[in-house]
Amino acid sequence: MGSEDSDLEWKQYSSEDELPLVMDLIDKELSEPYSIFTYRYFINNWPQLCFLVLDQGTCVGTIVCKMDQHRYAFRGYIAMLVVDKPYRKRKLGSKLVCRAIEVMRQEGVEEVMLEAEVDNYGALALYENLGFIRDKRLHKYYLGGQDAFRLKLLPRMEQSSQAEAEASSTVAGAPDVAQESSDGCSTDSAGKGDTSGTSELQ
Ligand SMILES: CC(C)(COP(=O)(O)OP(=O)(O)OC[C@H]1O[C@@H](n2cnc3c(N)ncnc32)[C@H](O)[C@@H]1OP(=O)(O)O)[C@@H](O)C(=O)NCCC(=O)NCCS
């Protein structure tokens, strides 16, 4: 069992010194091998879409993403998501995804995609809880020959902003409660109400 949530530090990627921390965790847990060039491609181009959860300097959770124009849509893509085993089932993975999506949404992303192995039931449940749907099945997508599901989310930015505006007008003076946005990321888990190390993100 890892440290209490309040002892964990959340941070956006900010320097090359953090690259080995991210790589060590991902290499340990993901089945697909990635080269240093792949990490650099994602993280150097989109550092604002990489987040780390640190426990006393050790990276215990991370997400790596990108966003770019894809045909007619400005698309976000989640490339890697890992939470270290002792820290799982505490919503760290969900919060990492929500933080990345929040930045994507602010930068105008219209859809978010990723692939997950068809038998990665934990990851599939996590993403589907956040509103992702199965877009297609990709035959023998991984090097090991496994199939993947491509998952897709439409962040529905307008509805989300409207919901947030309505929420802020109705909760004035009321107890601070997490508001659910239309893509399943509560404003709390997206980082606005979460005080655990978010200062550098705001
Ligand atoms: C997938 C992973 C990132 C989940 O991280 P996590 O911090 O444990 O996830 P969360 O606590 O946010 O889980 C949110 C929901 O996802 C689902 N979920 C997560 N792990 C699950 C598991 N092992 N089995 C079933 N459901 C699971 C549950 O619905 C959970 O909600 P609940 O706790 O209310 O039941 C983590 O298990 C991991 O790093 N796995 C190895 C790497 C990997 O597969 N990455 C994804 C590649 S697509």
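Residues are counted from 1 along each chain, following the sequence as written. Because the model is predicted, local features need pLDDT of at least 70 and side-chain atom pairs count only at pLDDT 80 or more, while totals for chains, interfaces and linings use all residues.

Helices (H or I, at least four residues) and strands (E, at least two) are DSSP runs numbered from the N terminus. Eight of the eleven residues in strand 4 are buried, so the rest of the structure largely encloses this strand. Buried here means 20 or more other C-beta atoms within 10 Å of a residue's own, exposed means 12 or fewer, and partly exposed is in between, with C-beta atoms placed from the backbone. Strand 4 runs antiparallel to strand 3, and ten bridges join the two; strands count as paired if DSSP finds at least two bridges between them. Along this pairing, K66 sits opposite Y77 of strand 4. The hairpin made by strand 3 and strand 4 has two residues between the strands, and R71 takes a positive phi near 50° there. Strand 4 also pairs with strand 5, this time in the parallel sense and over three bridges, with E111 of strand 5 as the bridge partner of R75.

Next comes the core. In soluble globular proteins, nonpolar side chains tend to be buried together. The largest nonpolar core in this model has 45 residues, and I63, V64, C65, I78 and A100 have the most contacts inside it. Such a core is a set of buried Ala, Val, Leu, Ile, Met, Phe, Trp, Tyr and Cys residues joined through C-beta atoms within 7 Å. Helix 3 gives the most to this core, eight residues. Leaving aside residues up to four places away in sequence, C65 touches W46, L49, G76, Y77, I78, A79 and A100; contact means C-beta atoms, placed from the backbone, within 7 Å.

Helix 2 (residues 36–45) has Y39, F42 and I43 buried. Viewed down the axis of helix 2, the buried residues fall within an arc of 85°, so they line one face of the helix; the arc is taken from the directions from the helix axis to the C-beta atoms. These buried residues pack against helix 1 (19–29), strand 3 (58–70) and strand 4 (73–83). On the face turned away from the buried side, the exposed residues are F37, R40, N44 and N45.

The ligand is surrounded by 20 residues, the closest being R88, G93, S94, G122 and L126. A residue counts as near a molecule or strand if its C-beta atom, placed from the backbone, lies within 6 Å of it. Strand 4, helix 3 (92–106) and helix 4 (121–129) are the elements giving two or more residues to this shell, and helix 4 supplies the largest share, six residues. By type, the shell divides into ten nonpolar, five polar and five charged residues. Ala, Val, Leu, Ile, Met, Phe, Trp, Tyr, Cys and Pro count as nonpolar, Asp, Glu, Lys and Arg as charged, and the others, Gly among them, as polar.

Finally, two loop residues. Q56, in the loop between strand 2 (51–55) and strand 3, has a positive phi of about 50° although it is not a glycine. Q56 counts as exposed because it has 10 C-beta neighbours inside 10 Å. K140 lies between strand 6 (133–138) and strand 7 (148–153) and has a positive phi of about 45°, again without being a glycine. K140 counts as exposed, with 10 C-beta neighbours inside 10 Å.

Terms used
Two residues are in contact if their C-beta atoms, placed from the backbone, lie within 7 Å.
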